[in-house]
Each structure stands twice: as structure tokens, then as C-alpha cells.
Amino acid sequence: MNIVACIKRVPMTETQAKVTADGQSLDTSGVEYMTSFYDEIAVEEAVKTKEKLGGEVTVLTIGPSDATKQIRECLAKGSDKGIILTDDAWALRDCRSTAKALAAKVQELGGEVVFAGRQATDRDNASVGPMLATYLGWACVTDVIELELEADKGVAKRESEAGVETYEFSLPAVITCQKDLNEPRYAGLKGIMAAKKKPVEEVPAAEEASQAEVVRVELPPARKEGRVVGEGPDAVEALMTALQTEAKVL
Amino acid sequence: MTTVVAYVDQDGGTPRPAGLEALGAAHATGAETVAIVAGLGAADAAATLGGNGAARVVVLTGTETYSPDRLSADIAGVVRAESAQAFVTSSTSLGRDVAPRVAAHLDSTLFSDCTSFSLDGETFTMVRPWMAGKLIATLKSTAPVCCVTLRRNNFQPVETDGTAAVSETAASADMLALLKEIGAAAGGKLDVSDAPVVVSGGRGLKDADGFKIIEQLADAFGNAAIGASRAVVDAGWRPHAEQVGQTGKTVSPQLYIAVGISGAIQHLAGMKTSKVIVAINKDADAPIFKVADYGIVGDAFEVVPKLAEAIKAAVAAS
């Protein structure tokens, strides 16, 4: 099976966000990057699918050449090759332009199933996967926590407010991955060595104007200073008084 | 005339609160508001929406079976037929699933999980969190159709005294993915993103058993959901559905009670917009106290049961 895993290079979740002087974006000085948390689950599911059904896993991303580091990490965990659609202004892309560029590449690769994280942990759009599927005219199940794939169809479960929903779909399809789907493996030394020899291709991403114009980016308003109402169980009374008469939330 | 189409989620003839929030937000822009309803009972729900801001309602018929790709294509069809300038729905699991596809059908981008949605002249402006709320972005749409999902609990339903004209549109036939069944939610409890009160526990509870006091406190409220820190979800004490933070859910309840949670930056990002935050932790230097409105320094196993009793008494008295 021709399997594609889409990943995004995002700031580490530990990042303390600062705003650039022009008030237009995240100040990236000193920021370190990682593969978005949910995308690691997507890569794991792609490799598990290859192990079950055979085929090849391509890791696909849009970003700067520096994303090679994240691609290699994925290759060390069992993926076969990497492609970076290079765009130095990747942080300015909206979900539409990202989905369209990925769709064109997936089509060119002849992908049969695409795995992506449910959302990237920088913009939290949770949109690129289902948009990509729509541009391709494919089935898509989002936030998947359980998956059974066969050569031409699959059954996926996703969590909603109503409960656990079970979907049947035919391939090709895009699956966006939620945390409970699997436990990503660690890269062994052998995998890390092998990854160095695996091909990573860089091609410029198709340009597409963003439809989301940034007016400003700011830090959230600081919460007003709170107070410790007391120590130990004796403080419960003071807390209840505060919640009832001051905060009025009870 | 500007037209905004709102998809209003409904359940067996009753609009869901999240659906009414979306309709209220559309109405609040001052634009003409067209509601779409689908599924079993859609016609009954449609009849009520004139009272919640809809000028017109479109019922998608033949939608007893559910397919997210079909619903998306049909919503996009209505948006086109109405020549609407914007499409909104709530950021529920259905909204997050369907709205991106609607946007792609309209070759427009999506503004997800917005906390503000406004129209000035012909320009739609949205505010939405980045990095789980570490940054707040204000964005203007230049898309052909401004497609938006709205964060829960941030928009008010409206009451209007109009009667909306209801029309029907037949759903299309093509379905790529089909919903076969819905199993019970884990525990059948309130979802952490919806609940007005969230009681969250962290590593300070020592083990999975320690969460019994969290469950007792949540039960005392009657309307509380249980949340968890990443550490305890990773340890397997609680399901991921309860995780609050950058790799879990972002919540903004009326009251958030953090028990035995130190307050890592990823956790704070997920709950900092709660109206009132209470922290209970034995470490007086824990970062959670920096964002808490009220704190108690002490042993959770001593403080929480007593708090549960007090809450129970207060709820019974109200």
C-alpha cells in the first residue's frame, strides 16, 4: 500500500510564547522545534499499516529545510522516505494553502491512505486533514482512536460528545489521529543509522495566497493576582465564602 | 445584504445549545441569518429556530443516515445557493469534523475555534487562540466565504420573536464514510469541554485510586466534569478524553478546580481562560498558584473530601 504520513514541525510544547516587535507573529528566537505530538501518532499508524498490509511510508511536510531533522526522526521509526515541500514563509500559510499543496503531492505520489495528526500543536486548526481529503475527493475520518484497515476499506472509531462513533469507509482515505490510537515507538540505534541513508527530497511548495490576514498577535491578558485563602482542610470554609460571595460561581 | 449561514446541530428535534450559540453568533453580526438543520427530527428543530435568530431555515432531508462528507458537500451547496458571505458552526466534534470540508468545497480557508466573530462593513474579523492559548491572534478573512467554527461557551444564544420561513433541500447521494453506530461515551459523564465546572487531578493524587476524591467532588457539584493532567493520562490513570492542556482539551468553564496539579505551561495553556480557578496543592511554590484566583495549600486527601461535603451542602441549599 502506498502510505503517506503528514507531519508538521512545530515549536516545542514547553515553549514560552513571545510576540515579535511588529505584533504580527510568534517570536521564534530561541524556539526549539519538534514533530507535532499528534503527527507522531500518525507516523506510527502509517508504519503499523505498512507492517500489516505491506507497502511504503512517505513522510510529507511543508516547512523550511530545517524540518529535515524531524523527517529523519520519523524515518528512524520505520518510514521509508521523506519529502519537504519547502516554504520559508510556512508560518504564514493558512490551512487551505497547506491542504492544497499536500493534496497535489499526495496525488502525484499515488497515495492510497494518508495519516495526519488531528491537529498541529501550534495553530490548533484541526483542519488540514479533512480539507486535504476534500480536495482529493477522498473519505476521511477525524480524531480516530481505533482503526481496522484492509486493502480497500476500513473501519474507524472516533470520539464525540455523543459517544464513540464507528465509521465504515472505502479507500483511498485520510485518517486524522487522536492520542488513544497507538503508542509511538522509540527509534533504536539501528533505525537512526538506517534513517541517514533513506532519501529526503526537497521541492518548493506551490505558492498560494493566504486568506487569513493577521491583524495582530498578542499574549493573552494576564489573570488578576489571586490569593491563597489558607492551609489545610480548615481553609475550606474561607474558600466556600470566596466562591459564594466574591466570585459568585456557586 | 450580507448573509451568514449557520449549521445548527440538533438532537431528535431539539437544537443543541452549541447550535444555538452558533446561530446567536451569526445573528449578532447583523447579517441575514440562514440556519441549516439535518438528521432525525430536523423539521421539528427547524420550526423553533425563528425564535433564536434565524431569518430562514433550510432542512436537509434524507439525512437519517449520517456521513460527514455528504453533510459537508450539502452544507456547501446551501452556502452557494444562498450566495452567503460566511458560514459558521460550533466547534463541537461534529463541527470540527465537517467545517474544514465545507470550507474546502468553497475553496476557502477555515478559522477554527474562534472566541470572537464580528462583521464590520463587509469584513469579517475573528479572534482565535494559537498554541492552545499561549497567543491570541486577531485575523481578517479574505476568503470567498468566511468559514468559522466557534469555541463553546463563548457566544450567547439569542431570543427573537420572528418566525423563520422553512424550506427543504434533499441531501445528495454520495457517501464516502458512513456512521454505523454510536456507542456510549466513556462513563456517560459530561464532556470536559462542555461542563460549567471542571474538577481536575494531577500526579499529586499518587495513583489511579486517588482520583476517587476527584470523582466525589465532581459528583457533589452535580454538573462537573473530571479533568486530568498529561502526567496522569500518560501513566494510564485516566482516559485521554479527560486530558486538559496543549495535547488534550482546552476548556473555559465557570469554575476550574485543580487538585494536585503543579501547573506545567502546557496544562496552564489549556485552562487559563476559565472564569474562576481554584488550586489545591501541598507545594506552596507550585506554578498553578500563579494563575489561581483562590488557593489552598494542603494535602488533597484532607482538603478535597471536606470541600466535597461543603459543596454538597451548598448545592442542596440552593
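**View 1. A buried arginine, A:Arg96, and its salt-bridge partner in chain A of the predicted model.** In this predicted model, A:Arg96 counts as buried, with a relative accessibility of 6%. A:Glu208 forms a salt bridge with A:Arg96, and the closest N and O atoms of the two are 3.0 Å apart. Because A:Glu208 lies in the loop between strand S11 (200–204) and S12 of chain A, whereas A:Arg96 belongs to helix H3 (residues 95–109) of chain A, the pair ties together parts that are 112 residues apart in sequence. A:Glu208 itself, at 33% relative accessibility, counts as partly exposed. A search of the whole structure finds 39 salt bridges over all chains.

**View 2. The salt bridge between A:Glu146 and A:Lys157.** The side chains of A:Glu146 and A:Lys157 meet at 3.9 Å, N to O. Strand S7 (residues 139–149) of chain A carries A:Glu146 and strand S8 (residues 153–160) of chain A carries A:Lys157, so the pair ties together parts that are 11 residues apart in sequence. A:Glu146 is partly exposed, with a relative accessible area of 46%, and A:Lys157 is likewise partly exposed, with a relative accessible area of 27%.

View 3. B:Asp293 counts as buried at 8% relative accessibility, whereas A:Lys224, at 59%, counts as exposed. Elsewhere, salt bridges that share partners join A:Arg118, A:Asp143, A:Arg158, A:Glu165 and B:Arg96 into one network.

**View 4. The interface of chain B and chain A.** In this interface, 82 residues of chain B are in contact with 83 residues of chain A, and the area buried between the two chains is about 7,000 Å², of which carbon and sulfur atoms give 56%. In chain B, the residues that lose the most area to chain A are B:Trp130, B:Met131 and B:Tyr294, which together account for 10% of what that side buries. The rule finds 8 salt bridges across the interface, and the side chains of B:Asp234 and A:Lys179 meet in a salt bridge of 2.7 Å, N to O. There are also 46 residue pairs in polar contact across the interface of chain B and chain A. Helix H4 (residues 93–105) of chain B contributes the largest share of the side of chain B that touches chain A, namely 8 residues, and the residues of that side divide into 43 nonpolar, 22 polar and 17 charged.

**View 5. Strand S10 (residues 135–141) of chain B and its pairing partners.** Strand S10 of chain B is mostly covered, in that 6 of its 7 residues are buried. Strand S12 (residues 212–218) of chain A pairs with S10(B) in the antiparallel sense over 6 bridges, and the bridge partner of A:Val217 in S10(B) is B:Ala137. Within chain B, strand S9 (residues 123–130) is joined to S10(B) by 6 bridges and runs antiparallel to it, with B:Met126 standing opposite B:Leu139. S9(B) and S10(B) form a hairpin with 4 residues between them, and B:Met131 in the turn has a positive phi of about 50 degrees.

**View 6. A further strand pairing between the chains.** Strand S9 (residues 163–170) of chain A and strand S13 (residues 177–183) of chain B pair in the antiparallel sense over 6 bridges, and A:Glu168 stands opposite B:Leu178 in S13(B).

Technical notes:
Residues numbered from 1 in each chain as written. Chains lettered and ligands numbered in written order. Predicted model: local features only at pLDDT ≥ 70, side-chain atom pairs only at ≥ 80, totals over all residues. Heavy atoms only, no water. Contact = heavy atoms within 4.5 Å. Buried area = accessible area lost by both parts, 1.4 Å probe. Salt bridge = Lys/Arg side-chain N within 4 Å of Asp/Glu carboxyl O. Polar contact = N/O pair within 3.5 Å; in protein donor to acceptor, adjacent residues only side chain to side chain. Helix = DSSP H or I, 4+ residues; strand = E, 2+ residues; numbered from the N terminus. Nonpolar A, V, L, I, M, F, W, Y, C, P; charged D, E, K, R; others polar. Pairing = 2+ DSSP bridges. Buried < 20%, exposed > 50% of the residue type's maximum accessible area, 1.4 Å probe, protein only.
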